[in-house]
Amino acid sequence: MTPPPGRSRLVFAEEFDAPRLDRSRWLPHYLPEWSSRATSAATYEVQDSCLRLSIPADQGLWCADEHSPPLRVSGVQSASLSGPVGSTRGQQPFRPGLTVKQEQPEFRGWTPSSGYLEMRARADITPRSMVAWWLVGLEDVPARSAEICVAEVFGDAVVPGSGAGVGCGLHSFRDPHVPEDFAVTQLPIDVADFHTYAVDWTSDRVEFLVDGVAVRACAAPPTYPMQLMLAVFDFPDRSDGHDAGAVPQLVVDYVRGYA
């Protein structure tokens, strides 16, 4: 897609053309501090100039002794940090008082604080799974915790032949300066096909776009550096009893950023 006026300078381009994931840019784990590197490892491959994140039937639960409902996930993130084992310092804790199970070395790939960001991707999901792309504060300062959710699609919000509910907006979490402003918009798209999901992010507002068309906008977004999170999720307790062989996946063609 063509970036908006004034956003023509390409500052980040991940085309997934190399035979392996660029580990200077991406960590193939999902919030490993709350579980471990082993149990948070993504199932993925870089193939045909795409990153393919998937959840095979034999993949284990993430944070099995802590997270409810049960969750399986394959994701990559562009930064990571934590406090020592037993501390509460980590990113996106899912409940108050959560403690670090495995200390993580600080890692920073691309952590933008504004710009026009876009991802071209497709998804294979069922009613028990979902895919998402979001930005979150590094929490190097605890209040820098807000989230910009660029696109989130649950499988039970997909209507075959009709469209899908695409969620986008802001989550304040522990940042008192960012409003909670999130909504799901029904769009006439087939998420199994490639689409471009984007956010135009300034210090005053964020505008969310799908295939170059504005979906919604929010005021007062975070203005600090944020890490990228791309993931596919599976919720086993949503099984209908006939989907044991389903393998949800998120296939990412590229991620680009303009300033």
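A salt bridge is here a side-chain nitrogen of Lys or Arg within 4 Å of a carboxyl oxygen of Asp or Glu. By this rule, the structure holds 15 salt bridges. The structure is a predicted model, in which local features need pLDDT of at least 70 and side-chain atom pairs count only at pLDDT 80 or more, while totals for chains, interfaces and linings use all residues. Residues are numbered from 1 along each chain as its sequence is written, and side-chain values use heavy atoms, with hydrogens and water left out.

The description of position rests on two further terms. Helices (H or I, at least four residues) and strands (E, at least two) are DSSP runs, numbered from the N terminus. A residue is buried when its relative accessible area is under 20%, exposed when it is over 50%, and partly exposed in between, for a 1.4 Å probe and protein chains only.

Another salt bridge lies between aspartate 234 and arginine 72, where the closest N and O atoms are 2.9 Å apart. Aspartate 234 is in strand E16 (residues 226-234) and arginine 72 is in strand E4, so that the bridge links parts of the chain 162 residues apart. Both aspartate 234 and arginine 72 are buried. A further salt bridge brings together the side chains of aspartate 124 and arginine 122, at 2.8 Å from N to O. In this pair, aspartate 124 is partly exposed, with 25% relative accessibility, whereas arginine 122 is buried, with 17%. Through shared partners, salt bridges also join Arg72, Arg128, Asp234 and Asp243 into one network.

The strands that carry arginine 72 and aspartate 234 are themselves paired; two strands pair if DSSP finds at least two bridges between them. E4 and E16 pair in the antiparallel sense over six bridges, and serine 74 has valine 232 in E16 as its bridge partner. E16 is also joined by nine bridges to strand E8 (residues 129-137), and these two strands run antiparallel. In this second pairing, valine 136 has glutamine 227 in E16 as its bridge partner. E16 is largely enclosed by the rest of the structure, because nine of its nine residues are buried.

Elsewhere, strand E2 (residues 43-47) pairs with E3 in the antiparallel sense over five bridges. Valine 46 has leucine 51 in E3 as its bridge partner. E2 and E3 form a hairpin with two residues between them, and aspartate 48 in the turn has a positive phi of about 55°.

In the loop between E3 and E4 lies leucine 61, which is partly exposed, with a relative accessible area of 36%. Contact means heavy atoms within 4.5 Å. Apart from its neighbours within four places in sequence, leucine 61 is in contact with Thr39, Pro70, Leu71, Arg72 and Pro236.

The cysteines come next. A disulfide is a pair of cysteine sulfur atoms within 2.5 Å, and by this rule the count is zero. Cysteine 168 is in no disulfide, as the nearest cysteine sulfur, that of cysteine 218, is 6.9 Å away. Cysteine 168 is buried, at 2% relative accessibility.

The backbone oxygen of cysteine 168 lies 3.1 Å from a polar atom of the side chain of arginine 216. Arginine 216 is placed in strand E15 (residues 213-219) and is buried, with a relative accessible area of 19%.

Finally, a nonpolar core is a set of buried Ala, Val, Leu, Ile, Met, Phe, Trp, Tyr and Cys residues joined through side-chain atoms within 4.5 Å. The largest such core has 47 residues, of which Trp133, Leu135, Ile148, Leu228, Leu230 and Val252 touch the most other members. A second, separate core of 18 residues includes Trp62, Val73, Leu98 and Ala231. In soluble globular proteins, nonpolar side chains tend to be buried together.

How values were computed
Polar contact = N/O pair within 3.5 Å; in protein donor to acceptor, adjacent residues only side chain to side chain.
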